[in-house]
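Hi,

Here's the structure I said I'd pass along.

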Amino acid sequence: MDWNALSLSLKLSAITVAFLLPMGLIVGRFLAYHHFYGKSLLQAFLAIPLILPPTVLGYYLLVLLDGGSFLGHLLETLFGQSLVFSFEGLVIASIIFNLPFAIQPIQASFESIPREIREAAACCGLSPLKVLLKIELPLAWTGIVSAMVMTFAHTLGEFGIVLMVGGNIPEETKTLAISIYDKVQAFDNQAAGVMSAFLLLFSVMAISFTYLIAGRYQRHYA
Amino acid sequence: MPKTGLKLWLRQTHSIKLNIKLHCQNNEVLALVGPSGSGKTTVLRAIAGLYSVENGLIQCQQHCWLDTKKAINVASHQRAVGFVFQNYALFPHLSAQENVAVSLNHLSKNKRLKYAKSLLKKVHLEGLEKRYPMQLSGGQQQRVAVARALAREPKILLLDEPFSAVDQVTRRRLYKELIELRRSLSIPIILVTHDLNEATLLADRLCLLHHGVSLQSGSPAEVSTQPVSTQVAKLMDQPNIFTAKIVEQKPEKKITQLLWCGQIIEVGYRANYKVGQKICWMIPASDVILHRRRKSSKGERENPFTGKIVDYMLLGGYVTVSIEINQPLKTYLSMSVPLHVARRNELALGIFIGVSLLSDSIHLMPYESLRNEF
């Protein structure tokens with residue numbers, strides 16, 4: 001087991017989740033309750049990472065984050081270093097790549113709350129903030145937890161985009177998935193097998209957990 | 001500004017068209033009646049602050065909740081409104097007690113739960129406090145919704161078709177409970193329903209809405225038997241609406257005579273109609289009196305007609321029959337009688353019967369072209 005790679009993968013996943021949780025809540029709730037011109041276009045744009053090959057998305061991010069581009073230059077000035085082949089760059093790429101995994105389940109869970117429930121809460125004298133905290137979040141929490149678990153698991157196993165944007169720098173951008181690839185290239189099938197088994201187990205647990213909480217919710221409240 | 005009750009007018013030309021004016025006093029039940037899409041629920045939502053109208057004024061007790069001219073629009077959570085939604089809209093993740101306690105946000109947690117428990121006891125739900133909405137029957141859910149709506153000590157109670165999701169037996173029991181409950185409340189109650197019988201049973205007054213316009217307000221009996229137009233009569237489900245011509249005015253005898261189906265009908269004197277004028281008239285099905293088939297009586301001289309029964313329908317202890325009055329012109333008169341009367345007179349399809357139209361029950365309306373005009 002490449003413990004450095006595992007540690008880096010866990011760190012990247014945790015930071016990605018930390019950024020995407022508030023972002024997913026704000027954007028997901030907004031999309032669930034508001035109708036505006038261009039909503040479908042925005043939703044399609046946010047869903048692009050679902051259908052685009054990770055290497056293609058990684059290539060565009062590589063071009064965008066490169067110091068030669070306007071955005072890359074701006075970010076380089078802001079961070080004091082190039083974001084390409086750096087952990088910070090990896091975080092940005094990971095956030096963008098995981099946008100649909102975070103936003104879509106949260107949006108769906110907010111959409112599933114009937115309008116009357118929210119209106120009843122307002123008629124009970126709850127302010128919009130209290131409606132969010134006392135009614136909406138408890139009812140949407142299965143979607144929120146699913147989004148976070150899926151984002152974490154997805155980031156942990158991501159390969160293509162990490163390789164394109166981060167390269168393969170030990171202790172900087174070499175994640176577990178890249179390490180598995182390295183081990184296979186070096187004919188170290190045992191190490192690759194252990195790490196693959198870990199990712200497989202983690203993925204199964206993550207999926208089971210999301211189904212479990214969804215099922216418990218259905219049994220209790222639906 | 002009125003010191004008590006609700007005063008409201010709403011006008012809107014875009015989106016959902018509205019032109020509604022109504023008031024409801026404290027301790028009064030006002031039923032908003034009308035077909036689907038007439039704007040009943042929109043009015044409730046506007047009162048609760050859940051729907052914004054272009055132009056309007058909503059004053060409740062001593063508070064102005066909406067005045068578009070003065071740009072006043074109080075947020076829904078700041079209006080003291082008790083709202084019972086059509087499907088109750090209970091919070092599925094909270095127990096019955098917690099659902100009620102949500103409305104008591106101004107109290108400490110202990111006091112909240114204690115008071116919520118006492119409210120649930122009031123609506124006969126003692127012992128079910130810890131149950132979640134999905135563990136309650138439709139009637140029990142409705143009681144929780146009512147307790148939750150009243151917990152806030154609202155200035156008005158809004159009921160949006162609260163009986164539509166329960167079976168008929170439960171509905172009857174809930175009717176009784178609402179009648180009892182309203183005696184203990186001194187606030188206006190607005191009930192949205194499309195069931196005219198429900199409105200007649202529960203409401204002091206009703207307001208008939210159609211396409212966002214309030215057509216007529218008054219007591220259920222008044223709107224039902226004295227509609228201002230044929231449109232109101234049709235919406236009040238009156239089956240006997242016809243056209244006729246005024247043929248004679250006899251003010252000295254307090255009689256106005258109409259010509260209908262080639263026969264003269266006498267009604268109470270109506271000074272505002274002229275001889276020769278075309279009018280519409282109606283009579284409730286319950287006020288068409290059946291002549292006893294084996295024994296004539298004195299009342300048979302009052303606007304008598306004969307005809308053949310062409311339709312016979314038994315519903316809830318009452319029989320509704322359609323009588324073909326004038327065969328070549330296919331004019332049908334509808335009449336409803338208790339089942340025992342129908343049995344005693346051996347009413348059946350195809351038999352000829354005599355009926356009288358009570359002059360006091362005949363209501364005249366301005367002329368409008370009808371399908372069965374002759």
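B:Asn303 is where I'd like to begin: with a relative accessible area of 6%, this residue counts as buried, since the cut-off for that is under 20%. Do keep in mind that this is a predicted model.

B:Asn303 sits in the loop that links strand 16 (288-290) to strand 17 (304-315) of chain B. Its side chain has two backbone partners to look at. A polar atom of the B:Asn303 side chain is 2.8 Å from the backbone nitrogen of B:Glu266, and the side chain also reaches the backbone oxygen of B:Leu357 at 3.0 Å. Leaving out residues up to four places away in sequence, B:Asn303 touches B:Ile264, B:Ile265, B:Glu266, B:Val355, B:Ser356, B:Leu357, B:Ser359 and B:Ile362.

Next, the sheet in chain B. Five strands make up an open, antiparallel sheet, in the order 14-13-12-15-21. Strand 14 (263-268) and strand 21 (363-366) are the edges, each pairing on one side only. On average, neighbouring strands here are turned by 45° against each other, ignoring direction. Within this chain, strand 12 (residues 241-250) and strand 13 (residues 255-260) pair antiparallel over 5 bridges; B:Gln249 has B:Thr256 in strand 13 as its bridge partner.

Over in chain A, is A:Glu158 buried or exposed? Buried, with a relative accessible area of 9%. A:Glu158 lies in the loop between helix 7 (128-157) and helix 8 (160-166). Apart from neighbours within four places in sequence, A:Glu158 is in contact with A:Pro54, A:Phe97, A:Thr175 and A:Ala177.

Cheers

Methods:
Residues numbered from 1 in each chain as written. Chains lettered and ligands numbered in written order. Predicted model: local features only at pLDDT ≥ 70, side-chain atom pairs only at ≥ 80, totals over all residues. Heavy atoms only, no water. Helix = DSSP H or I, 4+ residues; strand = E, 2+ residues; numbered from the N terminus. Buried < 20%, exposed > 50% of the residue type's maximum accessible area, 1.4 Å probe, protein only. Polar contact = N/O pair within 3.5 Å; in protein donor to acceptor, adjacent residues only side chain to side chain. Contact = heavy atoms within 4.5 Å. Pairing = 2+ DSSP bridges. Axes fitted to C-alpha atoms, helices over the stretch in contact; angles between N-to-C directions.
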